[in-house]
Amino acid sequence: MANASPSAVSGAQDYLSGKPRVLGRGKRMAVTSLVIFAAAALAAYILTSGAFNWTVIWAFFFHPAILSGLAMTLELTALSMIVGVLLGVCLAVMAVSRYPAVSAASALYVWMFRGTPLLVQLIFWFNIALVFPTVGFGGWSVSVNALVTPFMAALLGLGLNEGAYMSEIVRAGIGSVDKGQREAAQSIGLGGGQVMAHIILPQALKVIIPPTANQTIGMLKNTSLVSVIGAQELLTKSEDIYARNFQVIELLIVASLWYLLMTTIASGIQFWLERRFGDDRAIRRMVGEQA
Amino acid sequence: MNALAPSVALDTAAARVMLRARDITKSFGPHLVLSGVSLDVKRGEVVCIIGPSGSGKSTFLRCLNFLEVPDAGGVWVDGERVACQEIDGVLWELPARVFARQRASIGMVFQRFNLFSNLTAEENVSLALRLVKRLPRSEARDIARAVLASVGLERFIHHRPSQLSGGQQQRVAIARAVAMEPKVLLFDEPTSALDPELVHEVLSVMTGLAGTGMTMVVVTHEIGFAREVSDRVVFMDGGGIVEQGVSGEVLANPSEPRTKAFLSKIK
Ligand SMILES: Nc1ncnc2c1ncn2[C@@H]1O[C@H](COP(=O)(O)OP(=O)(O)O)[C@@H](O)[C@H]1O
Ligand SMILES: [Mg+2]
């Protein structure tokens, strides 16, 4: 008993205990102060040198044209993501179809829309009237030029392109569901569509939602591409203003600050979504799924 | 196979045969896994299939409800051909909806439970009652609760599969199959994925089920269950049935050397 441990023998601790001191603390502090100093110097230069006119930036930050561009950016992002997600689900379900022609059609779509630049697709949709001057059937027809406004072209371009990317994400989600789930559902008599709607897709959501949030953040920025077809979103509006007052850099900074604000908020939402995913009751509430 | 049109095949046994498998053949690529396996199971009979790993037991069971489509042969449940119909001497697939409904009459319990992880225990059981049997939500729920109570899980109806032990999950899986009132219930090693102390609760549910007159085909390594509960033991090896007979006799005095060797290994 008395020999149980060295300290018990001597009656006092004969070694140093506790956390060891960190090595290289001085070096770490030197690097930190260097970085802080450089950042402060850069900030001071940007704010005070007169290279950027902060009064102008501030004056245009809440300009009605900028705010309406901002609204259009958000609207395009939301609508394009809705088109993209719905299309993505369709394409992904098609991809796992037992009819080879159907899965081939899905693969062809994804190949075309992922294999060509989004910018080219946007310009293409904007000029679609050159290919199909009118659409209609029977006696009814309508001019494509009137139908495909810059907004429609933007929505088509962004949404159809997003559909191709979303289909890959949904497909990965479907693929992540254990195949025993499908077999069990089939063995109690569920049909193909029921298995998909009640078992596979609800379980795939866990895998689908985080990258979809990522795509949404990408979409916020990609909407700026539609400025080439004048779709009246944030960048188009900024360009319109600097074309008249020549404050190019200031208005680009206004737009950039708004983009930063939007992507930061969206990243916050994404972070929250991802944290909630351990608990799939949260997903069920979100999609209103109930069996 | 054509000589065994269902009318001919079923006349002999009349209504006594609940499940009939004829010459089930299945290959995966070049690998012949089942070479013409036939089995008749009488109404209310409990048949245990035993045999070494890789002998084709799971594949045979999965061919019975067409989770694997056999290359040749046929399956009948209660006189009705599964997944196929003969019209003017030509064998056609059943329409998908008819086939799906037919599958509901062949219950299956899996080694790894395969409970729907997005649903509670009660929802696992009631889902097909609503979607396949088209029962109203409240009726489906009442049936689900009653069946879950019959496997001793009345206190766990709102639990997710992830919140249940393996034994509880497997009992929910049995309840899910039983709720559809299947004509025959297939079990693929239902206790092999369980911790040893949980095996008993699942076997006792299965024993109770056998007592209700359920027709059951059970792939298992539980020799005790095979001896005490099943009416017949079938020994499979190398993609075919090597030996079968009354449980007590086959297990006590196997006549085939391969059966002897297998039984001596697992005891
Ligand atoms: N989907 C499959 N693809 C290819 N080979 C398979 C597949 N399923 C089973 N097998 C093979 O078929 C043989 C029989 O398997 P299985 O029916 O699972 O045997 P058991 O259940 O008796 O252990 C094994 O050799 C296995 O590797
Ligand atoms: Mg097996």
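The UniProt annotation "domain: ABC transmembrane type-1", from an unreviewed entry, covers residues 70-270 of chain A. Such annotations use the numbering given here, have shortened names, and may be inferred rather than shown by experiment. In this predicted model, local features need pLDDT of at least 70, side-chain atom pairs count only at pLDDT 80 or more, and totals for chains, interfaces and linings use all residues. Residues are numbered from 1 along each chain as its sequence is written, chains are lettered from A and ligands numbered from 1 in the order in which they are written, and side-chain values use heavy atoms, leaving out hydrogens and water.

Back to residues 70-270 of chain A: the span is 78% helix and 4% strand, and its end C-alpha atoms lie 20 Å apart. Helices (H or I, at least four residues) and strands (E, at least two) are DSSP runs, numbered from the N terminus.

Now for a pair of helices. The axes of helix 9 (residues 179-187) and helix 10 (residues 192-222) of chain A come within 10 Å and cross at roughly 160°. Axes are lines fitted to C-alpha atoms, for helices over the stretch in contact, and angles run from 0 to 180 degrees between N-to-C directions. Helix 9 and helix 10 of chain A are therefore roughly antiparallel to each other, a label for angles over 145 degrees. Who meets whom? On the helix 9 side of chain A are A:Gln181, A:Arg182 and A:Ala185, while helix 10 of chain A brings A:Val195, A:Met196, A:Ile199, A:Ile200 and A:Gln203. Contact means heavy atoms within 4.5 Å.

On to chain B and its strands. An open sheet of six strands there has the order 8-9-10-3-11-12, with mixed pairing. Its edge strands, strand 8 (106-109) and strand 12 (240-246) of chain B, each pair on one side only. The twist averages 20° from one strand to the next. Two strands pair if DSSP finds at least two bridges between them. Strands of a sheet pair through backbone hydrogen bonds, either parallel or antiparallel.

| Strands of chain B | Bridges |
|---|---|
| Strand 11 (residues 232-237) and strand 12 | six bridges |
| Strand 1 (residues 17-28) and strand 2 (residues 31-42) | nine bridges |
| Strand 1 and strand 4 (residues 72-77) | five bridges |

B:Leu19 has B:Val41 as its bridge partner in strand 2 of chain B, and B:Val77 as its partner in strand 4 of chain B. In the hairpin of strands 1 and 2 of chain B, with two residues between the strands, B:Gly29 takes a positive phi near 60°.

Conventions:
Angles under 35 degrees count as roughly parallel, over 145 as roughly antiparallel, 65 to 115 as roughly perpendicular and the rest as oblique.
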